[in-house]
Amino acid sequence: MGGHLSLDQLNAIFRKIPQEFDVLDENDIVVWSSMNTNRIFPRTEADIGKSVFEIHPGHSQKAVKAVLKQMHNGKRKSLSINITKNKMPINISFYSLHNEAGKYIGCVEVTQAVKDYQVKGSKWHNLIQLFFHR
């Protein structure tokens, strides 16, 4: 890791970026969530300390359990899936977390809307955004 961030800077980053983050410990307990206004799946302080299975909808629990089991066993380091929610394409990525000794210490789940990514004309859209601040 390089550099140093203050707690104010770190909080500002997670309030600003449009992705949402949920961090689980080694027991699949939610220990931290970015609670910014961009969240697709709302979280509250009441969700901290709950099992990840308590905050995910029933229809996704089987898949979440399978992914986390693979991460616990060291068979998977990450997974990225695309879903649709309210006609909006969403990407959800899970990243296995390990300490310096290689021991599994948890998982971070990153969720973001992707409707503006990889769409027809996005190359031109990106160039326009670079030169014209809209």
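## Briefing: a hairpin, a core and an aromatic cluster

Strands β4 and β5 form a hairpin with five residues between them, and Gly 102 in the turn has a positive phi of about 90°. Helices (H or I, at least four residues) and strands (E, at least two) are DSSP runs, numbered from the N terminus. This is a predicted model, in which local features need pLDDT of at least 70 and side-chain atom pairs count only at pLDDT 80 or more, while totals for chains, interfaces and linings use all residues. Residues are numbered from 1 along each chain as its sequence is written, and side-chain values use heavy atoms, with hydrogens and water left out.

**Strands around β5**

- β5 pairs with β4 in the antiparallel sense over nine bridges; strands count as paired if DSSP finds at least two bridges between them.
- Within this pairing, Leu 97 stands opposite Gly 106 in β5.
- β5 also pairs with strand β1 (residues 20-25), again antiparallel, over six bridges, and here Val 23 stands opposite Val 108.
- Eight of the 10 residues of β5 are buried, so the strand is largely enclosed by the rest of the structure. Buried means under 20% relative accessible area, exposed over 50%, and partly exposed in between (1.4 Å probe, protein chains only).

**The nonpolar core**

- The largest nonpolar core has 15 residues, and Leu 24, Val 64, Phe 94 and Cys 107 are among those with the most contacts inside it. Such a core is a set of buried Ala, Val, Leu, Ile, Met, Phe, Trp, Tyr and Cys residues joined through side-chain atoms within 4.5 Å.
- Two or more core residues come from each of α2 (52-55), α3 (58-72), β4 (88-98) and β5 (104-113), with α3 giving the largest share, four residues.
- Beyond its neighbours within four places in sequence, Cys 107 has contacts (heavy atoms within 4.5 Å) that include Leu 24, Leu 68, Met 71 and Phe 94.

**Aromatic rings**

- The whole structure holds two aromatic pairs. Rings of Phe, Tyr and Trp (its six-membered ring) pair if their centres lie within 6.5 Å; planes under 30 degrees apart count as stacked, over 60 as edge-to-face and the rest as tilted.
- Phe 14 and Phe 21 have ring centres 5.1 Å apart and planes at 85°, so they are edge-to-face.
- Phe 14 and Trp 32 are edge-to-face too, because their planes stand at 65°, with centres 4.8 Å apart. Phe 14 lies in helix α1 (residues 7-16) and Trp 32 in strand β2 (residues 30-33), so this pair ties together parts that are 18 residues apart in sequence.
- Phe 14, Phe 21 and Trp 32 form one aromatic cluster. Phe 21 is buried, at 17% relative accessible area, whereas Trp 32 is partly exposed, at 32%.
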